[in-house]
Amino acid sequence: MIGKLLTKAFGTKQEREIKKLMPLVNKINSLEKKISKLSDKALKSKTDEFKARLNTGESLDDILPEAFAVVREAAKRTVGLRHHDVQLIGGIVLHQGKIAEMANGEGKTLVATLAAYLNALGGKGVHVVTVNDYLARRDREWMGPVYEFLGLSLGVIQNGMNSPERQKAYQCDITYGTNNEFGFDYLRDNMALSKEDQVQRGHHYAIVDEVDSILIDEARTPLIISGPAERSTELYYHIDKLVRRLRKERDYEIDEKDQTVALTEEGVAKAEKMLGVSNLYQDTQMELVHHINQAIRAHELYERDRDYLIKDGEVVIIDEFTGRLMPGRRWSDGLHQAIEAKEGVIIKNENQTLATITLQNYFRMYDKLAGMTGTAATEAEEFMKIYNLEVVTIPTNKPVIREDLPDRIYQTEKAKFNAVVEEVEKLYRIGRPVLVGTRSVEKSEQLSRKLREKGIPHTVLNAKYHEKEAQIVAQAGQKRAVTIATNMAGRGTDIKLGEGVAELGGLFVIGTERHESRRIDNQLRGRAGRQGAPGADQFYVSLKDELMRIFGSERIASVMERLKVPEDQPIEHPWITKAIERAQQRVERRNFDIRKQLLEYDDVMNQQREVIYRERNKILEQKDLKEDILEMIRDVVDEMVSIYTPEKIRPEEWDVVGLTKRVRQIFPVFLTSDSLKGIYDREELKRIIKDKVEDFYQKKEEEVGESLMRELERAILLHTLDLRWKDHLYAMDSLKEGIGLRGYGQRDPLVEYKREAYEMFEGLIHRVKEEVAKLILKIQISRRPSVERVLVGSPQVREPALVGANRAEGNNSSGRRASLPYRRGKKIGRNDPCPCGSGKKYKYCCGRNK
């Protein structure tokens, strides 16, 4: 009661937030008359004036009112659109690094021009992030004239672009692109072989359109660049045949809520018999258990035309939130291969991770992040906790008059779809346009068949026909238009009402199932009643729907049974609608926990990734890496001496023989144990070894030449770091896979993961130092000054020809492999001096075991 009285007296938090911004809006409006009198030339010159003011110490906040007024005037002159006051509020919120929640149809694309222009004046680049290539291209073309009129450069990143095209786009003041393109370019930049190959130029400010879709829905799927792992595909076919002979509930159990499966004792015994193993849970057989579980999941939890399509003989994932196809994406941990085996298509090799980052950690790299969407309030807590982003609800320009009708609940799916068809037929007869939203391709095609039987013309928009998306959605508001759409439903595309449609009540939206997220339902609702136009929406739900079946349809079913409600008769009651929303809230909380856990684990990887990528960039940027290499050599020597001269034993008992042997294994220097005997000072031992190694290094440099030595240092450092980082990622994947089992031993899996990951990272750093120290001194240089190394999809990079090193494997983002140049020098005779520099004959040194 007190809360209601306070709200009445002072307004809601959102109302107070908007009230605070009104003086700024009034100031912008007061400049409109003055700015509108400027000539085109004078208006264009404002950009240079703003940049000069920033250089003399003024802040972006200082110039905001005038800059916004200039953008508003430029938009009027170029694209014929004027920013409303609520759009100015949206622009201010975006500039402040917050999320602007604006209802569908309120012109978010135009709003972004305000904040993008203002923040681009600093010259560090602005990224405008969209959900697909089409919207990135459309928004760039649509809003481009505004920016170009004001003298700013504009770029767009599209799938299939090469590196020079991407570099050019990123050098622009404002760059449009999808979250995947920005994220993968970041990963590729950190696999580049030279600074010139990198395309991005930092992460200054990003505006994320449909921010809930990108930062919430897609946050559970990390971005991964992978290459093929060395594993046979035959196992997947073999396991698939086995799983087809197992029986649900008797041989295995399924938890649909948690998407997990488990073999029963009977199932384990049957699997052991069919595989010919005595104990499936023996450590050497644990991989088989994993493959069996993934095959069961493929058969029981993943449906064709709902979760994936078969297109051109390949399994293509369907995004569960948007209904769009996701070509190139693959489920990990062998699940994708299990589905390929189930469908009888060619199995592609399992992939090994070469570079990875979650969208959560990618977007947290930006100095300032902002977003806009029609549906963010339900996830405000997550935005604040994960991204430190506040959600501000922007009022609509015109009042929303859409009618949100109560849900209609049916006992069976058949009764529900019959009722939907009946309602669509009734609306079609009077000419009122209908948009029907479905959760899967399968359901959209099932409904399409029923409408064809009734002779009702309609269009279908699902993952199979997504190329026609904008065209289909744009026509959805015309008289007698019947459109069936999966969740994608033209997000970001405006549905304009045809002539005479407003008089019929506007667009009618029918939802055929409640989604597990309220935001997705609200997105579908928002297709109707845009910009103050009339419209209505209603959801048709059955007790057999996935959400209802998993989360609490029992109570509703028992009520309907007691009341003896006929199968085809719906019930409508606020209590039922609230029960559905409570079920959705439970799912949202569970999904938040999953995303939070993913982030907690990735934060460990992220710290390691930052160290490696920082070191890698340093290698690319520094012209002279000699001191870094020598520092690594010194660290390796320190470590060696510490191991062979431990603190706990007397100096007389130090293993000097073992130390000299180890030194010769790593460094091609002549060192005998006799020369170190009688030296009981560790620091003196270190000095003697370091002096010998550094002298050899200096001779090596004189032999090959300073210029080539610098090139060699860079090539070896990059090659070793990339190779060991790849191995480390593989080991981290394996660690994460099995870490959950630690919970059974009453140990916190996350704490264990952090501890072991730290130890593994320490080992990685040590191995890199040791290998670099070993390679740089032992490697032989061919007399050819340089060779070309060509990587698939990368520009040509010149590197020294390496002789005597292990053949290295470079991997590009497509997973194809290219090798470091490998050439053999002149054959060494057994009586020739050993090329390692020891002074011995080859047959008594490195050629001893040949």
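Biologist: What joins the side chains of Asp217 and Arg519?
Modeller: A polar contact of 2.4 Å joins these two side chains. A polar contact is a pair of N or O atoms within 3.5 Å; within protein, one atom must be able to donate a hydrogen and the other to accept it, and residues adjacent in sequence count only if both atoms are side-chain atoms. This is a predicted model, in which local features need pLDDT of at least 70 and side-chain atom pairs count only at pLDDT 80 or more, while totals for chains, interfaces and linings use all residues. Residues are numbered from 1 along each chain as its sequence is written, and side-chain values use heavy atoms, with hydrogens and water left out.

Biologist: Is Asp217 buried or exposed?
Modeller: Asp217 is buried, because its relative accessible area is 4%. Buried means under 20% relative accessible area, exposed over 50%, and partly exposed in between, with a 1.4 Å probe and protein chains only.

Biologist: And where is Asp217 found?
Modeller: Asp217 sits in the loop between helix H11 (211–215) and strand S6 (223–228). Helices (H or I, at least four residues) and strands (E, at least two) are DSSP runs, numbered from the N terminus.

Biologist: Let us turn to Phe539. In which strand does Phe539 lie, and which residues does it touch?
Modeller: Phe539 belongs to strand S20 (residues 535–542). Leaving aside residues up to four places away in sequence, Phe539 touches Asp407, Arg408, Gly511, Glu513, Arg514, Asp521, Leu524 and Arg525. Contact means heavy atoms within 4.5 Å. With a relative accessible area of 2%, Phe539 is buried. Phe539 and Leu405 are 134 residues apart in sequence and 7.9 Å apart in space, C-alpha to C-alpha.

Biologist: Gly511 is on that list. Which residue stands opposite Gly511 in S19?
Modeller: Gly437 does. Strand S16 and strand S19 (residues 507–511) run parallel and are joined by 4 bridges. S16 also pairs with strand S18 (residues 482–485), in the parallel sense over 4 bridges, and there Leu435 stands opposite Thr483. Two strands pair if DSSP finds at least two bridges between them.

Biologist: Which way do the residues of strand S16 point?
Modeller: In S16 (residues 434–437), Val434 and Val436 point one way and Leu435 and Gly437 the other way, and all are buried.

Biologist: On backbone angles, what is the phi of Glu249?
Modeller: Phi of Glu249 is near 75°, a positive value in a residue other than glycine. Glu249 lies in the loop between helix H12 (234–244) and strand S7 (252–255), and is exposed at a relative accessible area of 64%. Gln531, likewise not a glycine, has a positive phi of about 55°. Gln531 is in the loop between helix H21 (518–525) and S20 and counts as partly exposed because its relative accessibility is 42%.

Biologist: At what angle do helix H26 and helix H29 pack?
Modeller: Helix H26 (residues 656–666) and helix H29 (residues 749–778) pack at about 65°, with their axes 8 Å apart. H26 is therefore roughly perpendicular to H29. Axes are lines fitted to C-alpha atoms, for helices over the stretch in contact, and angles run from 0 to 180 degrees between N-to-C directions. Angles under 35 degrees count as roughly parallel, over 145 as roughly antiparallel, 65 to 115 as roughly perpendicular and the rest as oblique.

Biologist: Which residues of H26 and H29 make the contact?
Modeller: Arg662, Arg664, Gln665 and Ile666 contribute from H26, and Glu770, Lys774 and Lys778 from H29.
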